[in-house]
Amino acid sequence: MRKITGSLLLALSSVFALSACSSTGDRSGYVVEDRTPEALYADARQAMELGNFTKASQVLEALDSRYPFGPHKTQVQLDLIYAYYKLDDSASALANVDRFIRLNPTHPDIDYVYYMRGLVNMQADSYLFHDMLGIDRTDRDPSNAIAAFRDFETLVKSYPNSRYAPDAQRRMIMLKNRLAEFSLKVAEYYVTMEAWVGAANRAQQVLETYPGTPATERALEIMITSYDELGQEAMRDHSVSVLKATFPDNRVASRY
């Protein structure tokens, strides 16, 4: 395991401390004054512009509960989704996204809401400190990545002219690669266990579900090895021919 230096440990401690402050301390200590909805919304917007999403979320929560039919009711809900996203509060963000879609299915900004749900699920799938330390965790539970992919897919298919569609498509490629790597890790595990049927099937899934991803080459190698071990010469030879055609410089393919 990679050693953590003193300076890196100090930096991590600082990040953890900041994270704790943004998600707990300030949110419990701020008292929202009893003011008009217009004044409260102005406060919330100012807090968001200053990057104080903890204060913004509390003011918006107060607005949402005190003035559910106020002049800014839908914008308050949209701002709350974004504030929770910035606070890395996935549960609250997703709850508000689902509520907004349920109550406002034809709202002009519904494409933005689907986009935000994709971002929130993508954020929930990532882990900051693994990225900082360079730890490969593509084997982690992919449920949030799958949900994010579906959210972006809904946006792209249902609202192809949305201003958010191009970025959603780029993120779908990233998520597709991540999900392919997860399936590949499962196939690799089956190889270590010498469970050749499971390895071949999972590698085949990579080719069928995530074609064109970087994981394809290794998936084909696993299929060749697995079919070889199972004595399935015809299926092995077919996999070899696909590997040679797709990756002509591959070392495994050159052995056959």
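Predicted model: local features only at pLDDT ≥ 70, side-chain atom pairs only at ≥ 80, totals over all residues.

Reply: Residues are numbered from 1 along each chain as its sequence is written, and side-chain values use heavy atoms, with hydrogens and water left out.

Me: Why is α4 called roughly antiparallel to α5?

Reply: Helix α4 (residues 73-86) and helix α5 (residues 90-103) pack at about 155°, with axes 8 Å apart. Angles over 145 degrees count as roughly antiparallel, and therefore α4 is roughly antiparallel to α5. The crossing of the two helices is left-handed.

Me: What makes the contact between α4 and α5?

Reply: Contact means heavy atoms within 4.5 Å. From α4 the contributors include Leu-78, Ile-81 and Tyr-85, and from α5 they include Ala-93, Val-97 and Phe-100. The residues of this contact divide into 8 nonpolar, 4 polar and 1 charged. In that scheme Ala, Val, Leu, Ile, Met, Phe, Trp, Tyr, Cys and Pro count as nonpolar, Asp, Glu, Lys and Arg as charged, and the others, Gly among them, as polar.

Me: Which element gives the most to the lining of the second largest pocket?

Reply: Helix α4 does, with 3 residues. Lining residues have an atom within 4 Å of a point on a 1 Å grid, and those of this pocket include Lys-73, Thr-74, Gln-77 and Arg-99. The lining has 3 nonpolar, 3 polar and 3 charged residues, and the pocket volume is about 150 Å³.

Note on methods: Axes fitted to C-alpha atoms, helices over the stretch in contact; angles between N-to-C directions. Helix = DSSP H or I, 4+ residues; strand = E, 2+ residues; numbered from the N terminus. Parallel < 35°, antiparallel > 145°, perpendicular 65-115°, else oblique. Left-handed = near helix turned anticlockwise from the far one by under 90°. 1 Å grid on protein atoms, 1.4 Å probe; cavity = no way out; pocket = protein on both sides within 12 Å on 5 of 7 lines; lining within 4 Å. Points joined across faces, edges and corners; volume = space filled by probe spheres on them.
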